[in-house]
Structures are given as C-alpha cells and as structure tokens.
Amino acid sequence: MNTAVGSKATSGMLLPVTVIGLLVTIGYALSQVLSVGHASFATSSDGVSWGLPVVTYVFLSMTSTGLALVAALGSVFGNRAYYPIVKRCTWLSIATLVGGFTALALELGHPFRMLWAIPTGMQMQSPMFWMGVFYLIVLSLLALKFFKIHSGDWSGKLLGQASVVAEIAALGTLGAAFGMMAMRPAWYGTAIPVSFMLAAMAAGTAAVGFTIYLSHGMDQERMPTPLKGLMQDLFPKIFAATLFAYLTFFVFHNATGVWSNAEGLQVFEDYAGSAFFHLEWIGLVVALYLMANPGTHRQGNMQILAAVLALVALFIGRYEYIVGGQLVPLFKGTWVPELIQYTPSLTEWMVTGAGLFLALAIYAIGDRFLNLGDQPQG
Amino acid sequence: MAKWGMVIDLEKCTGCQACSSACQMENTRMPGENWQDVLFYDEGKDLKWFPRPCMHCEEPSCVTVCPTRATYKNDDGTVTVDWNRCIGCKYCMIACPYGVRFYMDSKPLVEPDVRTEFPGDGKHTWKPPYRQPESQEDWTHGVGIQPAGVVSKCTFCYHRISQAPDGVADLDEDNPATKEYTPACVRTCPPKARYFGDLDNPDSKVNQLIAEKSGTRLLDHLGNKPQVYYLAGESTSIPGARASKRGG
Ligand code: SF4
Ligand code: SF4
C-alpha cells in the first residue's frame, strides 16, 4: 500500500535537498578533519574533550531509541492504532542511528581502528564497550525488523521484544557512560540513564511527528485515514505525556543543580542565566501546552510547531548536559578560569549538519522508495 | 615485581618547574603538553604551588573506561597508553579526575603550533629539533613522539624504570646504581622534593616517608587511590577539591 497523494511531491524535494546538505556539510567536515585534523575543533586538552559532535551523536542515538520504542507500541504491544507509523519509525530509527554513528566517527581519532581494537580489547568494565555491543545488536535487529515488515511479514513479536530490550540496554548504557562519572559531578547520577529514556521518548515522538508532516506536504488532509486518525488522537496524547515526563525531570534536575553548593555544580547557575536555557524551557513548555490543550492538539500546524520546539529544546538539553558537565575545570591551577569557555567551531557545526542531513537523506530515500506508510493487510 | 610509587614533599618543593622542564626534554613533549606540571593557586594572601604528575592510580578510572584497553595497568603498577590501540575517543580524559591527559590531535595549547613549525614524517605528529633517542621509542607504553589521534600522559618514565634491576627498593638519583633508572623529574628536582620507590617493599624510602610524615593522596574520596603521595608538613597544605579559586 502506498502513502497518500502529495507525499511524493514533498519527498521528491526532500531527497535532493538533504543530499545537497549532506554533501556540503560532510565535504567541509571531512576536508578539515583530513587536512587540519581535530585541531579544527574547539575542543582541547585543557578544556572540553567532548564537544558538539558528541552532543550530536548522543542526540541522534537517543532519538533513534525513542523512535524504536514508539514503533514497539504498535508492533510489540499490538496497539493497532500505531500500525500506520511502525514502518516509518523503524526506518527513521535506523536513519538517525546511522547519522549519529557518522558524527561520532568524524570525532574519533581512529574510527576504523575501533573495529578491531574494541572486540580484541574486551574491556567489559567500560560503559563504552557495552554501548558498542548493544548498539550493534540494536542496528542488526532494526535492520532485520525493517526487512521483515518491508516484505510484508508483520509477525515476529519475539523479534520486537528483543529489540525493545536491546534498545533500552543501549540507551541506558549511553546514559550510564555519563552518569557513572563520579569525578564529573554535573554528570553523575544513578538516575541519569532513566532521564535519557524520558528524553528519548519525547524526541522519538517529535521526530516521527515532524517527518510524517514532511512526507505529507505539511498537511494532515493529505494523510491516509488511519494515519490521520492516529495524528488526531493518540499522537498528541503520547507526545504530551512524554513531554510532561521529561519536563518533570528537567525541572528537578536543574533546580537541584542550582540549589546545591557542591563543587563542580557551579555550572548549573551559569547555565540557568543563558539565553539557550530560556529557549529550552520555553520550547518544552509551549510544546507541552500545544499538545495538551484540546484547542490546539489536533491541528497540523500546532503539531509541527510542537515537534520542532521539542526537538530544538531536547538538542539544547543534550548540549547543556554534555558540554556543561565539562565546564568546571578539573584539577588545575588558579590561572584556569572558573568555567571553561567553549564555542563550537565551524567544522564541529558541519559535523552536526552531516549527522542530521545523513539521517534525513536516509529517511528521504526510504520515503521515496520503500513505502514507509505501509500497514499490515487485513 | 615492584609497585612503583612517588612521594612529593611539598615543604621542600620550591615550585621551580625543573621537573616539568626535565619531563618535557626527556619525553619530547609539545609546549603546553605538560605531563608533569606545577599548578599555582591562591591560599590566603600567598601564592602556593603544587606539582602534579599522573597519579598512576591503584584503581585508575582511565583504565576502566577505555573501551579498547589502550590504557592499561602494567605489572609494576604504572598506567600507560598503547598508541597502537588508542582510538582517540578521549573517554579517559573525561574520567581522569586529575586532568593529566592530553589529546594529540587538538588545538595547540601554546602558540605557535610546533606541529606546523616542525611538521611530522607521517608516522610522528611532529619532528622536533631535539628529541629523545629513537631507540627509546615504545608505542605500546606511550613512550616517544606520538602518532596522530591518540592520547598521551606521564609514564613515570617507563623507559627508565622498566630497566631497573629486580628487587631494588628505591630509585634514587644519588645512588649511582639506580641513577639511570630514576624518572627524569625525580632525578632533576634541585631540592630533592621527590622520591621514587617500591610501595610493596616495607623497607623502601617512600614507604618510610608515607608512614612517618603522613603521606596523603590527592582527592582520595574519589577512590582512584593514587600511587603518588604528598607530604604537606606544617607549613604547606594539599589543595581541596581542585586548585582553582572559588567564589568571586
Ligand atoms: S591520574 Fe588519571 S591518568 Fe593517571 S592513572 Fe589516575 S586516572 Fe589514570
Ligand atoms: S582515547 Fe584512547 S586511551 Fe583514552 S579511552 Fe579512548 S581508546 Fe582508551
């Protein structure tokens, strides 16, 4: 079965636009990385080690997990109302994960060496080791699942269940890679992996919402009836619920950080005064309002706005957590500033662009050639 | 096998940075890439100083986070980086509480960038006019001029101490039998504020000093259990959480 009229027109533009965006960003980033090396990044040995490219990787992999979990609501828990977006979510989940890995590869000193050094090292104490293992499993299961759905086989509950477990393990480990770092007080916390999960659900819902509109000329009327029904009913409900859950974490996380005098948490105060922080909380609150308010939550434009606001706010949130957690200098002398200054370089922005454009280009390919609107027959 | 450790007597240290310079020359570090550094900080109305090598922790967080085992602990208790395995993920730099690690492939810490002034030969990142003998180079222990895209740190002068005769309790620059095996910073320190020896040997000078003069480890609450001990005595102190000024 195919998606509705009009979808071809938008996705027709989506593919060339994203491919051009990808070529420009990845071309620039690669040329810099290959000629100047990572000296073209703003990260450095006496400051921030993980900058914007790592933020991009985390944001995209988190979104990928969110998407897979949204797909699971239909495929694993058998909620038929979700069927219209299961295939799309699964493909988009693959696309965002590949985009994230690409941003990470552009950040690493030796991305290809990783392929043998991690399996032969078997450092099972490292969260990064497990992150690699789980994401590899996740990617394989997603690919398998998509292949099955694409060939018309919607069965396979076990496969779905296995991928839910793998997704949670992967994202939880990604959160733990930060949350376990007791020497970085602004990162540390046993509940951090859970907070990653909450952010992921909100990001996944926003991402599928936004791309559904992209594929249907930004217009609900062009959607097939079952999909439109989903967007009118379940979508805003689940979106509002995930935003609310994440906002609850957000409020208490930041309030605790600002309130505490503990060494290393000074960054919370600094951050709370920044323009990005205001953009972040306003974005989340407005998105929640739009999706909870009966007057707006069914309207296409409002759903698009809420999705964009949420995605921007969640990206800022990853930036704030990952970069912010490194801004209080480690054991250094008095001449080191109280908080390290970090502004991403053009090359780092291009790496971010490359990750995002690659994810969107892969999505556009799927949208064009793989009938992402498919549903089980009967 | 010895378990090497260091004792730094802060009452004797004059903050002269001879250790840092010796380390730079011995290990051919780039300017600013201070494997061994002396940190300066305010205390009361005074300027204080605090020498800081890698702590070669007993429970090194850099080792447990490294996904490839590029960073690992040797049998002699030292922690080194295998440049043939490192993928430049920098997780170790995130996880080391003491900020002693350096990523080769990033913005220069000091201008001009010596990597463009003295371009490398493809294998090494730069070709300095002076350098440690090539025969000493040992990438599996992070000794020498490193290739691109890897992390480096103090090795306790692994190329020296690993040659020391078995069973010696201390590596002391004043003892002709051990002088050549003593780490460069220890050997150079003019007021002899640094001691280096076997922490597993009850008769070593380092153990004696730790016991008699209350050897203290930096940021001990984090559980990394450094193998570098500081002696503060009555006239100096060990800075708290971090050596930067607070408040203001
Ligand atoms: S001081 Fe840092 S780099 Fe050195 S062993 Fe300890 S954790 Fe590792
Ligand atoms: S940068 Fe190298 S030494 Fe450090 S954690 Fe990564 S692979 Fe290990």
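By class, which residues make up the lining of the largest cavity? In this predicted model, that lining has six nonpolar, six polar and four charged residues. The cavity itself has a volume of about 140 Å³, and 16 residues line it, among which Ser45(A), Gly47(A), Arg184(A), Leu330(A) and Lys332(A) lie nearest its centre. The structure holds twelve cavities of 30 Å³ or more. Rolling a probe the size of a water molecule over the atoms is what shows where such empty space is left.

Arg88(A) sits in helix α3, which covers residues 83-107 of chain A, while Ser215(A) belongs to helix α7, made up of residues 192-215 of that chain. Arg88(A) counts as buried because its relative accessibility is 0%, under the 20% cut-off, and Ser215(A) is likewise buried, with a relative accessible area of 0%. The side chains of Ser215(A) and Arg88(A) are joined by a polar contact of 3.3 Å. Asp367(A) takes part as well: its side chain makes a polar contact of 3.3 Å with the side chain of Arg88(A), and another, at 2.9 Å, with the side chain of Ser215(A).

In chain B, attention turns to the surroundings of two ligands. Ligand 1 is surrounded by 15 residues, of which the closest are Cys54(B), Cys57(B), Cys62(B), Cys96(B) and Arg101(B); sorted by class, this shell has ten nonpolar, three polar and two charged residues. Around ligand 2 there are 13 residues, and the closest are Cys66(B), Thr71(B), Cys86(B), Cys89(B) and Cys92(B). The shell of ligand 2 has nine nonpolar, three polar and one charged residues.

Several loops of chain B carry backbone features that deserve a careful look. The peptide bond that leads from Glu111(B) to Pro112(B) is cis, with omega near -5 degrees, and Pro112(B) is placed in the loop between β6 (102-103) and α4 (114-117) of chain B. Further along, the loop between α7 (205-212) and β9 (228-231) of chain B contains Ser214(B), and Leu219(B) is also found between α7 and β9. Ser214(B) has a positive phi of about 50 degrees although it is not a glycine, and phi of Leu219(B), likewise a residue other than glycine, is positive at a value near 45 degrees. Their accessibilities fall into separate classes: Ser214(B) counts as exposed because its relative accessibility is 53%, over the 50% cut-off, whereas Leu219(B), at 10%, counts as buried.

Asn175(B) lies in the loop between α5 (158-161) and α6 (184-188) of chain B, where its side chain reaches the backbone nitrogen of Ala177(B) at 2.9 Å. Asn175(B) counts as partly exposed because its relative accessibility is 33%, a value between the cut-offs of 20% and 50%.

Definitions and conventions:
Residues are numbered from 1 along each chain as its sequence is written. Chains are lettered from A and ligands numbered from 1 in the order in which they are written. This is a predicted model: local features need pLDDT of at least 70, side-chain atom pairs count only at pLDDT 80 or more; totals for chains, interfaces and linings use all residues. Side-chain values use heavy atoms; hydrogens and water are left out. Helices (H or I, at least four residues) and strands (E, at least two) are DSSP runs, numbered from the N terminus. Buried means under 20% relative accessible area, exposed over 50%, partly exposed in between (1.4 Å probe, protein chains only). A polar contact is a pair of N or O atoms within 3.5 Å; within protein, one must be able to donate a hydrogen and the other to accept it, and residues adjacent in sequence count only if both atoms are side-chain atoms. A residue is near a molecule or strand if one of its heavy atoms lies within 4 Å of it. Ala, Val, Leu, Ile, Met, Phe, Trp, Tyr, Cys and Pro count as nonpolar, Asp, Glu, Lys and Arg as charged, and the others, Gly among them, as polar. On a 1 Å grid over the protein atoms alone, a cavity is a set of points where a 1.4 Å probe fits but cannot get out, and a pocket is an open set with protein on both sides within 12 Å along at least five of seven lines; lining residues have an atom within 4 Å of a point. Grid points are joined across faces, edges and corners, and a volume is the space filled by probe spheres set on the points.
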